[in-house]
Amino acid sequence: MSSAGIRRLLQPPNTQDSDTRALAYLNDTYKSLNDIESGEDLDVMVEQARRELEGIETKLAHSQACTEAVIAQTREQASAQLHTAQELALLRHSLADELTFLSGELVSDLSQREHGDVEGPTLLEDLEALHRSLKELESVKGYVQVVEHAMKLSEAAVEQVRTAGTATVSEYQKLQEFVKSVAAACEKVETVASQPDLHILGFLDNVVEQTWRDMKGVLMTTLLEVAEKLKWPTKVDYSAASSEDRRAFETAFYNLLKLQTIGAKIRDSSKHNGKEGLYPIQALVQAILQRFKFHFEGTRPTNRMDKPEWYFTHIANESHEHRPFMESIVQSLLSSTEYRTINAWREFTNLLLPVLERKIRRTIPALLSHPSILAHTIYQALSFDTAIRDEGFGIQGTTAATGKDGTDAWRGISEIILGKKEWLDAWVEGERKFAMDQYFEIISAPDAWLIADDEGEDEAPSWTAGRELRPTNSARRVKSLVEQVTDRYSPLPEYTHRTRFLIVVQLPLLESYLGRISSSLDAFETLSSSLMRAVPGALGAGDGRGGTGNLTSGVEGTQRLCKALVSAKYLAGVMEMWGEDLFFLELWEEINRRAALRTKAGTVALLPNPNGSESDLPEGTIFEELIRLYSATTGRAEDMVAGSVTSEIESGLRPHLQGGATQQPTSEDSDDIALAQTLLAPLALLSSHLTFLRGTLPRTTVTSLYRRIASRLAMHLLQRQILYRGRARATLHEAKAVLAEAELWVETCRVALKEDRGRVEAPWRPFLQAARLLACEGDTWGKIVDATFAVASDNEWEDVMLDVVGLSEFPREEVQGILRRREDCER
């Protein structure tokens, strides 16, 4: 109550107001005398009012007494409150000073650091840091409690398997349920968190998986302890083991299979590898893997990068050595379980392969700078794949099979390397460089262009006929180099990789060698031309002789051309043989069948154009285009040999033909024909050329070249000595001399070639017939002239020619022209 209200209540009563209210009451109650007479007694009312007044006065006295007491008490309290207020005022001033100080202390460290008057964090910052730490600790506490509970459940699950075996896995199921509940709770957090990053779920999943591995490890340890009594991992003689050890082994084996069956039902396959392999075989493999790590993953001398065949052979031997045990004992154990469709040996081998994969993945990066070791490692991987496949391995019948029908193809250990582009590119480039280095060594060798001895090759190629073709050393070595490359990439399982090797490594080798042969022929043409300039890289160039004529003339020049000829012809024949090989036939078929390979082959000029059909069989062979180019070079070399020999002999005949006389008779009537000395050199040159060709080239090639050379020489002699002698007509003695020379040319060729006269005489027959016609005398001359110029039929004329001359190479009109070259022919 306010002070004004208190003063109002303390004021004495107002008599005037009381009288006024009483008068108003009487006026309202008694409005007339009748009201006074008939209404209530006024005296009674007055008496009643007097009694009420006395009661009120009594209350007033009591109220005044209470009021005085309250006023006194209030004054005491007010005095006390005033004293307290004074003390609080002093306290307020002290608090204001302290607040000012604390305000300065609570200012941010960064704002004060600008003025350079602070050395450490402020109290506010300390409080904030402590508050954050407290919140983090509270979160960590929750995490730790969750992790602690999960770890306890994990330990209980492992202990349950250790004590009760596979009878129950309830503790593991409790762990799974707990992790699911945590995941459900975390899903609610993720719905409100802006950036959820709840690593605890991943950790708990790992705990679940690790728990299962530990449970499996307990049973695996038991199986390995029993297997050691059977001498595992050495070769097991199961029949020699005691019955107790065999029963213990089978029990441990079945326990692991039972655990795997339980796991397949209660575990989430999306959170673990569904193709884990059979647990008991995994356990048996562990002992072998420990030995592998001991030998090939440590610092022992057996762990060498340049000896990959050691660890490949180790795994192959382990697979082969334990095959009888797997196929007999382990397979029989599986036959009574739900895993009866699993092939025990294939499953065992498949579980051995991951250690090779890890070894290769760790080793190959270090081998990229060592192309030779890298190539050797890949070759060993391919050899390992081939050997394992030959043993009958495949992923059909294993837990790794993913196809519905179980017909998955095993891609091999080599696919780990070949399937990675960087590693494959490094290998192909290393093989290309190595092959090209070998090629340059071959063509740069001192004996590169020497024709090889027959003993240099064990057997003649099947495509040669008659006398064996003796190639140059370089041709034979290039053949071996290309075949070596084929041997290195032929085990590749992918036709894409095979095609790449063919295009990148082999075709450039053959193209480079063809270019070297062609450049040698170009150099020969240049040296034999009027420019007479040398071209580097020519066959036989730089032999130390002084003049360029020695390089292109005589047998030396023919020998240089024959080196190019036999080199090109030899490799053309070799490529024909390669093209018919099953490996290249299959490769060419795949190139024609696959669109991607057809596109790649279409961009290579050295390959034939694919037929563009996936159903039709390919035409020709894969080396058809190269064979055509080499055959064209062979034909060019043959043309140059024939042209060089005939041109040289024709040049040697020039003095003889320009001498005007083919004989030196002692008298006109003498029957003796003296051979002109100018004819000896051309005859000797022809003999030396033919002798060289016969000893160097195959018989068919020699026959072809001889016919071309002899035909050209015969036509040249026929024209110069008979048909176009000029105005001078031949005498009988001169005609006999020409016939003698013709016979001498044939005999020279027969001796040089060591062939029957009939075969040798064939290209000389036009010249021989003309010489015999010109040298006829007596009745024979008259008979021929009469038959030729008479009106006899052509058949009669041919009969006369065959009877007299033995040849009929010319038509009747040309024979008439030949006869007219005799001075005694008057027709």
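Visitor: Which residues touch the most other members of the largest nonpolar core?
Guide: This core is a set of buried Ala, Val, Leu, Ile, Met, Phe, Trp, Tyr and Cys residues joined through side-chain atoms within 4.5 Å. Buried means under 20% relative accessible area, with a 1.4 Å probe and protein chains only. Of its 205 residues, the ones touching the most other members are F249, Y630 and W764.

Visitor: What kind of model is this, and how are residues numbered?
Guide: Residues are numbered from 1 along each chain as its sequence is written, and side-chain values use heavy atoms, leaving out hydrogens and water. Local features need pLDDT of at least 70, side-chain atom pairs count only at pLDDT 80 or more, totals for chains, interfaces and linings use all residues, and the model is predicted.

Visitor: What is the mean pLDDT of the protein chain?
Guide: pLDDT is the predictor's confidence in each residue, from 0 to 100. In this chain, 86% of residues reach 70 or more. Over residues 530-548, though, the pLDDT is below 50. The mean for the protein chain is 83.

Visitor: Is T634 buried or exposed?
Guide: T634 sits in helix 23 (residues 624-658). Leaving out residues up to four places away in sequence, T634 touches L565, A568 and K569, where contact means heavy atoms within 4.5 Å. Its relative accessibility is 5%, so T634 counts as buried.

Visitor: How do helix 11 and helix 14 lie to each other?
Guide: The axes, lines fitted to C-alpha atoms over the stretch in contact, come within 9 Å for helix 11 (residues 308-321) and helix 14 (residues 371-391). They cross at roughly 10°, on a scale from 0 to 180 degrees between N-to-C directions. Angles under 35 degrees count as roughly parallel. Helix 11 and helix 14 are therefore roughly parallel.

Visitor: How do helix 18 and helix 21 lie to each other?
Guide: The axes of helix 18 (residues 495-528) and helix 21 (residues 582-593) come within 10 Å. They cross at roughly 105°, and 65 to 115 degrees counts as roughly perpendicular. Helix 18 and helix 21 are therefore roughly perpendicular.

Visitor: Which residues of helix 18 make the contact with helix 21?
Guide: Helix 21 brings F583, F584, E586, L587, E590 and I591. Helix 18 brings Y495, R498, T499, L502 and Q506.

Terms used: Helix = DSSP H or I, 4+ residues; strand = E, 2+ residues; numbered from the N terminus. Parallel < 35°, antiparallel > 145°, perpendicular 65-115°, else oblique. Buried < 20%, exposed > 50% of the residue type's maximum accessible area, 1.4 Å probe, protein only.
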